[in-house]
Amino acid sequence: MRFLPVSLTVLLVELADLDETLALFASLQADPVDGIEDMVPAARTLMIRFRPERLTAEKLCGAIATRDLSARIAPSDTCVEIPVHYDGEDLADVAELTGLSVDEVIRRHTASEFTVAFCGFAPGFGYLVGGDPTLQVPRRQSPRTKIPAGSVALAGAFSGVYPQASPGGWQIIGTTPEKMWDLSRDPPALFQPGYRVRFTDLSKSKSVVSVSTAKSVATPATVQTAGALALKVLAAPMPALFQDTGRFGQTGQGVSASGALDIGALKAANRVVGNPVDFACLEITLGGFSFEINGRAVLGITGAPCPIQVRDASGRVQTAGTYRPISLEPGDVVTLGHAPKGMRSYLAVRGGFAVTPVLGSASTDTLAIVGPDPVTAGTVLTIQSGTLGLTPVSLTEAPAFDHPASGETVVLDVVMGPRSDWFTQAGIDTLSGQLWTMTPQSNRVGIRLSGDVPLERKDKAELPSEGTATGAIQVPHSGQPVLFLADHPLTGGYPVIGNVAEYHLDLAGQIPVNAKIRFRPVRAFADIKPVKA
């Protein structure tokens, strides 16, 4: 096994094959190492996030290196049947790549019994193994920007079903009407690690899913109570999103943490109004947000330094500042102007918003479509009353950094790896040797970057899917990198040349369009060498 640095709190364990990966994953689940926070198994790697105040990288590697990797995971008794219309856009290409007829591709796919090895990429996306080896085909050279939900696809040794419309590079061979991800189910993901899966041809048989749905989970919505303290949204040029510190413990269903892009600002907003720091706030992008309050309240706004106006019921207008508590009276209208620097502001109200958590968090994951609905004009948001754990408001909060403006240059520290060895020396030098521009195609999933010189890879080899962390700099075939933010996919199939250091992630979340980024490599796990065990 090899230990590869990902960031200052994440490492990647590279193993011989999927069996060893699942054996190590099962071993660490059965006999945990204190300080491990999360694990993401993939084709032949296990990504591990740990708490550095409780566990060093050296001790973690030592605890892992002695684990028995010979055990094999017993298959589940649960078998799911997925009915398929074999009408995929790439079916003829798959037949040509395998040297089979279209009918023979379908026959071999339906004759196979698959096992859900792990989940990733998107909620409910299961990586299925055990199919006919003849059907192993490479990903498409040019990924599609949008693959329809229910698409049945192949890539390498895996088969899978896209649970929702999303970008992807797998070869599509068909579609299924079954919902792979449904929040009215418990668990929402139809595919769970260990389940057995069979595909049936709808043109020849009529099939149903063999797993029954169980109890339902809460619908993602805000709780509204008649007569309660509430604010009514008057304007939201870009929908605001509920965010908290993140959704953890759901990697088994392919759900990443999400959470605020500027965690420090979110916590500061809560301290400004005396809330616990992990309460949900509204994440507001580029200002323009306005609302009216129906009672007395205390407001806090942090993050991007947007101008704030408060108009009372008589029409008198006053200005207010960020990082300070703002006292509101019934009928006050609050308007956030456009921030000259930064991207995102965080709005907290003393007592917190009455919002229903989804899978343990009030964060809205824009890629996974998990969490409370976006907040638009006309939405009424109830504020909780009698909240426990409130403290005095804070008068000492301040921004953690100077917010960047469009056109300015931001320096981000980067831990090189885990796949920097997939790039030429010229490609590695290019990462830190030139400026990268944040393009308008960027969002909460990631910052799409543009540079004069693309990053040069050594070859066009296929990388088996492996876990990705927030801050990962993933490089597709174009050589123009994508810097993953909080709503990134849990796993990815393009090499990651480096990862932004955790202490610069909040800054990365505040970079505006057309700002420049310079990457500065730093060392991590300096004493760890690639080892074999």
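Guide: A residue counts as buried when its relative accessible area is under 20%, as exposed when that area is over 50%, and as partly exposed in between. The model here is predicted.

Visitor: Glutamate 397, then: buried or exposed?

Guide: Glutamate 397 is buried, because its relative accessibility is 11%, and the limit for buried is under 20%.

Visitor: Where does glutamate 397 lie?

Guide: Glutamate 397 is in the loop that links β24 (380-382) to β25 (409-416).

Visitor: And what does glutamate 397 touch?

Guide: Leaving aside residues up to four places away in sequence, glutamate 397 touches Ala268, Arg271, Val272, Tyr323 and Arg324. With arginine 271 there is also a polar contact between the side chains, at 3.1 Å.

Visitor: Where is tyrosine 323?

Guide: Tyrosine 323 sits in the loop between β20 (317-320) and β21. Tyrosine 323 counts as buried, with 5% relative accessibility.

Visitor: What about the phi of tyrosine 323?

Guide: The phi of tyrosine 323 is positive, about 65 degrees, although the residue is not a glycine. Most residues other than glycine have a negative phi. Leucine 359 is another non-glycine residue with a positive phi, in this case about 55 degrees.

Visitor: Where is leucine 359 found?

Guide: Leucine 359 belongs to the loop between β23 and β24. Leucine 359 is buried, with a relative accessible area of 18%.

Visitor: Switching to sheets. What is the order of the strands in the open sheet of five?

Guide: The order is β15-β16-β23-β18-β21, and the pairing is antiparallel. The edges are β15 (241-243) and β21 (326-328); each has a single partner strand, so one side of each has no neighbour in the sheet. From one strand to the next, the twist averages 35 degrees.

Visitor: How many bridges are there between β16 and β23?

Guide: There are four bridges, in the antiparallel sense, between β16 (residues 281-285) and β23 (residues 344-349). In this part of the sheet, leucine 282 stands opposite leucine 347 of β23.

Visitor: Which helix packs on the sheet?

Guide: Helix α5 (residues 263-273) packs on the sheet and touches β15, β16, β18 (297-303) and β23. The direction of α5 makes about 155 degrees with that of β18.

Visitor: What is the strand order in the closed barrel?

Guide: The barrel has seven strands, running β25-β32-β29-β30-β27-β26-β33, and its pairing is mixed. Neighbouring strands are turned by 40 degrees against each other on average, direction ignored.

Visitor: Which strands does helix α6 lie across?

Guide: Helix α6 (residues 425-433) lies across β25, β26 (436-438), β29 (472-474), β32 (496-500) and β33 (516-522). The angle between α6 and β33 is about 120 degrees.

Visitor: And how do β27 and β30 pair? What is the bridge partner of glycine 446?

Guide: Strands β27 (residues 446-450) and β30 (residues 482-484) pair in the antiparallel sense over three bridges. The partner of glycine 446 is phenylalanine 484 in β30.

Visitor: New topic. How many disulfides does the structure hold?

Guide: The structure holds zero disulfides. A disulfide is a covalent bond between the sulfur atoms of two cysteines.

Visitor: Last one, the whole chain. How many helices and strands are there?

Guide: The protein chain has seven helices and 33 strands. Of its 533 residues, 56% count as buried. The radius of gyration is 24 Å, which agrees with the value near 24 Å for a compact globule of 533 residues.

Notes
Residues are numbered from 1 along each chain as its sequence is written. This is a predicted model: local features need pLDDT of at least 70, side-chain atom pairs count only at pLDDT 80 or more; totals for chains, interfaces and linings use all residues. Side-chain values use heavy atoms; hydrogens and water are left out. Helices (H or I, at least four residues) and strands (E, at least two) are DSSP runs, numbered from the N terminus. Buried means under 20% relative accessible area, exposed over 50%, partly exposed in between (1.4 Å probe, protein chains only). A polar contact is a pair of N or O atoms within 3.5 Å; within protein, one must be able to donate a hydrogen and the other to accept it, and residues adjacent in sequence count only if both atoms are side-chain atoms. Contact means heavy atoms within 4.5 Å. Two strands pair if DSSP finds at least two bridges between them. Axes are lines fitted to C-alpha atoms, for helices over the stretch in contact, and angles run from 0 to 180 degrees between N-to-C directions. A disulfide is a pair of cysteine sulfur atoms within 2.5 Å. The radius of gyration is taken over C-alpha atoms; the globule rule is 2.2 Å times the number of residues to the power 0.38.
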